[in-house]
Amino acid sequence: MVVMENKTKIKICGLTRAEDIENVNKLLPDYIGFVFWDKSKRNVSKEKAAELKALLASGIKAVGVFVDADPEFVADLVKDGIIDIAQLHGTEDASYIERLRESVNIRLQERIDSSRDKGDTTPEFEIIKAFNVNRLDSLEEAERSAADYIMVDSGKGSGVTFDWSKLEGLERPYFLAGGLNPDNVKEVMEKLHPYGVDVSSGVETDGVKDAAKMVRFMKALR
């Protein structure tokens, strides 16, 4: 169960470079995201993500972004400590989520069994299920999700805003994504009070993360 806090959670997604990690380590958002989807310009390989995760400050959780990925692939990323959370943007349903949890639990148990430190405990693993608000028949679909968290967006990293009034009546805590940037995020937070916000293209210039925009985004919320 998600525990509500006064502080809006912040996720900066689509990191691909060592300098991106250096910048978030200074800003300390709650989450960062690595995209594992070959149709995205922000796609990273498992090897690249591992390299970047090794540079990430320990207090920041790494989220893997997937679109109908093989659960075994996701589970291996969790086992290897590359991601802490899976964010699902495809057609993943309750059955998929159950299979993913089982795969992750098996991999994490393997990790513990092979560890020299028998005092190791199972790391916490969580799932975010994203919903395209423009395709939802009703908010009940998102409300019923078996994931730990839900996200509402206007598409797979589209960077386009949507009619926020569509979220009226959504009672479950949610991450908000889609068209957020340093100039509008404070207004959005004050109107909608989301559990968390997710930004990617809104803190980029010419397709790469912009340190100054990231600073402005964080300052608008903190």
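**Pocket lining and aromatic pairs**

Student: Which element gives the most to the lining of the largest pocket?
Tutor: This is a predicted model, where local features need pLDDT of at least 70, side-chain atom pairs need 80 or more, and totals for linings use all residues. Numbering starts from 1 along each chain, and side-chain values use heavy atoms, without hydrogens or water. A pocket is an open set of 1 Å grid points that fit a 1.4 Å probe, with protein on both sides within 12 Å along at least five of seven lines; lining residues have an atom within 4 Å of a point. With four residues, the top contributor is β5.

Student: Which residues lie nearest the centre of the largest pocket?
Tutor: The lining counts 21 residues. Nearest the centre are G90, K129, A130, F131 and N132.

Student: What is the angle between the planes of Y149 and F175?
Tutor: Their ring centres are 5.7 Å apart (pairs: within 6.5 Å). The pair is edge-to-face (over 60 degrees). The angle is 75°.

Student: How many residues apart in sequence are Y149 and F175?
Tutor: Y149 lies in strand β6 and F175 in strand β7 (strands: DSSP E runs of at least two residues). So the pair ties together parts whose separation is 26 residues.

Student: Is Y149 buried or exposed?
Tutor: Its relative accessible area is 9%. The cut-off is under 20% for buried and over 50% for exposed (1.4 Å probe, protein chains only). So Y149 is buried.

Conventions:
Phe/Tyr/Trp six-rings, centres within 6.5 Å; stacked < 30°, edge-to-face > 60°.
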